[in-house]
Amino acid sequence: MTTLLSPPSAVTRAALAEALDNLLQPAQFKDYGPNGLQVEGRAEVRKLVSGVTASRALIDAAIAEGADAILVHHGLFWRGQDGRVTGWMKQRLSRLLAHDINLLAYHLPLDAHAELGNNAQLAQRLGVALYTDARGRFGDQALGFMGHRPSASAAELADHVAAQLGRAVTLVAEPDRPVQHVALCTGGAQGYFEAAIAAGADVFITGEISEPQAHYARECGVAYIACGHHASERYGAPAVGAHVAAQLGLEHVFIDIDNPA
C-alpha cells in the first residue's frame, strides 16, 4: 500500500523572510552587506534550498530542484563591490529573475546564532562542548565561540577536524601540544586569533590563515588549525533552513557545491 504524502505548505515570501529575521536577528549586527531578502522572486514559497554561497552552480542546482527560494550565507552584494550588473553578476541575477526565485542571505547573523549558526554547528560536529557562561563568546560582535574538548594533542585534534570535514587542514603548533580550550570562528576569521589568545584558548579553529598568524601561533604557544573557509561554513545554512522549513511546513533541500577554499 502506498502512502501519499501531503504536499508542502505554501507561505508568503514575507512570512519566510520574517521567520528568518526573527531567528537570526540581523539588526543586531554591523555587517559587510545586506542581510535578508536580496533578490525578490515569486510571492509564494513551497520549496527552500539552502547552500553556502549564491554561486551560479548553486542557483542552477536550485532551479533543477524546483526551488522557490534560496537561503545562503554568502549572498550577492557586498560593501565596496563594483555595482555594475555584468559578467558573473549578470549570469547569477538573470537566472534568479528568469525563474522567479527569491534569494535570502545572512552573513554574520548566521555565524553567530547560538545553536544553529556556523560556529555552533561546527563545534557540535567536532565534539566541542561550548561554554554557556561569559567564557563562551569572544571578539568583535561576540562572533568567536569558546568551548572544551577532552584533552588531546594539537596533532590529534587536527586529524579529527580533517576526518570530520573530509579535507586536509593546516596545523601550526608543536604536534604534541595539549589542547582543551577550543576557540572557533568560521570562515575568514584569522583576524580573531589574537582575541582567541586573549580569551585563553589552547587552539583556534577557523577557515583561513594569513602570514602573521603562523608567527603568533609559534610565539604565543597557541595552536592554529585552518580547515577551509567553505568547509568550516557548510553547516549553518542547512541547520537554519531545516529549522525554518519545519516551522513553516516547507520542503527543504541542502545543496553543497564543492569548493576547495
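This is a predicted model: local features need pLDDT of at least 70, side-chain atom pairs count only at pLDDT 80 or more; totals for chains, interfaces and linings use all residues.
Colleague: Why is the chain called as compact as a globular protein of its length?

Modeller: The chain, with its 10 helices and 14 strands, has a radius of gyration of 19 Å, which is close to the 18 Å that the globule rule gives for 261 residues, so the chain is as compact as a globular protein of that length. Along its principal axes the C-alpha trace spans about 55 × 55 × 30 Å, and buried residues make up 50% of the 261 residues.

Colleague: Why does arginine 234 count as buried?

Modeller: Buried means under 20% relative accessible area, and arginine 234 has a relative accessibility of 16%, so this residue counts as buried. Arginine 234 is found in the loop between helix H9 (229-232) and helix H10 (236-248).

Colleague: What makes the pairing of the side chains of arginine 234 and tyrosine 235 a polar contact?

Modeller: A polar contact needs a pair of N or O atoms within 3.5 Å, and residues adjacent in sequence count only if both atoms are side-chain atoms; the contact between arginine 234 and tyrosine 235 joins side chain to side chain at 3.1 Å. A polar atom of the arginine 234 side chain also lies 3.5 Å from the backbone oxygen of alanine 231.

Colleague: Which residues does arginine 234 contact, leaving aside its neighbours within four places in sequence?

Modeller: With those neighbours left aside, arginine 234 is in contact with Val52, Leu165, Phe254 and Asp256.

Notes
Residues are numbered from 1 along each chain as its sequence is written. Side-chain values use heavy atoms; hydrogens and water are left out. Helices (H or I, at least four residues) and strands (E, at least two) are DSSP runs, numbered from the N terminus. The radius of gyration is taken over C-alpha atoms; the globule rule is 2.2 Å times the number of residues to the power 0.38. Buried means under 20% relative accessible area, exposed over 50%, partly exposed in between (1.4 Å probe, protein chains only). A polar contact is a pair of N or O atoms within 3.5 Å; within protein, one must be able to donate a hydrogen and the other to accept it, and residues adjacent in sequence count only if both atoms are side-chain atoms. Contact means heavy atoms within 4.5 Å.
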